[in-house]
Amino acid sequence: MERREFIKNTCVLCGALVGIGVLNTSLSGCAPLPVFNLPQATGTIQIEATQISAESPVLLLKHPEFEYDIALVRLSAQHYKALKLECTHQPNPLVPTKTGFQCSVHGSSFALNGQVTQAPALRPLKQFPIEVQGTMLLIALN
C-alpha cells in the first residue's frame with residue numbers, strides 16, 4: 001500500500017470513528033429541549049410556568065433578533081433563572097447539555113444555575129431578572 005493511500009484510508013477510518021463517537025454522545029439519553037419562539041424582542045417576556053417541568057427543566061427562548069438564545073431554567077417549584085447563552089470567556093453561543101451549557105469553541109462549561117464549572121471562562125452567565133406572578137413568569141430583558 002502506498003503512503004498516500006494509507007494516509008487517506010487512515011483519515012477516513014478516523015473520521016468514521018469520530019463520527020460514531022459524536023453520534024453516540026449526542027444520542028445518549030438526551031431528547032431535544034423544548035423551544036419557545038418569542039413573539040416580541042424587547043421589554044418583558046411572559047411565559048406560563050407550566051411550560052417547564054421537573055423532567056425537562058430547561059426551555060430555550062428564541063427570537064430572530066437575538067444573537068444568543070436565552071435558557072429558562074427551573075431550579076425548583078418557585079425558583080427560576082433566565083440565562084443568556086453566550087460564553088463569558090469570548091462571545092460564542094453555548095450548547096445545552098444534560099447538566100448545563102457548553103462552549104464548543106474553547107471548552108468552557110456552565111451549570112444550570114449559570115455558574116462556571118470549567119475554565120477558561122471565569123464569570124457566570126448573564127442573568128435576566130425573573131418575577132413569578134401566580135403561574136406566569138415575567139422575564140425582564142435589560
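I began with the rule for pairing: two strands count as paired if DSSP finds at least two bridges between them. I kept in mind that this is a predicted model.

**Entry: a strand pair**

With that rule in hand, I looked at E2 and strand E12, which covers residues 136-140. I found five bridges between E2 and E12, and the pairing is antiparallel. I then picked out isoleucine 47 and found its bridge partner in E12, leucine 137.

**Entry: the sheet around the pair**

Next I asked which order the strands take in the sheet. I read off E2-E12-E11, an open sheet of three strands with antiparallel pairing. Strand E2 (44-48) and strand E11 (130-133) each have a single partner strand, so they stand at the edges, and one side of each has no neighbour in the sheet. I also noted the twist, which averages 20° from one strand to the next.

**Entry: cysteines**

How many does a search of the whole structure find? The search comes back with zero. I checked cysteine 87 and found that the nearest cysteine sulfur belongs to cysteine 103, 4.0 Å away. A disulfide needs the two sulfur atoms within 2.5 Å, and cysteine 87 is in no disulfide. Looking from the other end, I found that cysteine 103 is in no disulfide either, with the sulfur of cysteine 87 as its nearest cysteine sulfur.

Key. Residues numbered from 1 in each chain as written. Predicted model: local features only at pLDDT ≥ 70, side-chain atom pairs only at ≥ 80, totals over all residues. Heavy atoms only, no water. Helix = DSSP H or I, 4+ residues; strand = E, 2+ residues; numbered from the N terminus. Axes fitted to C-alpha atoms, helices over the stretch in contact; angles between N-to-C directions.
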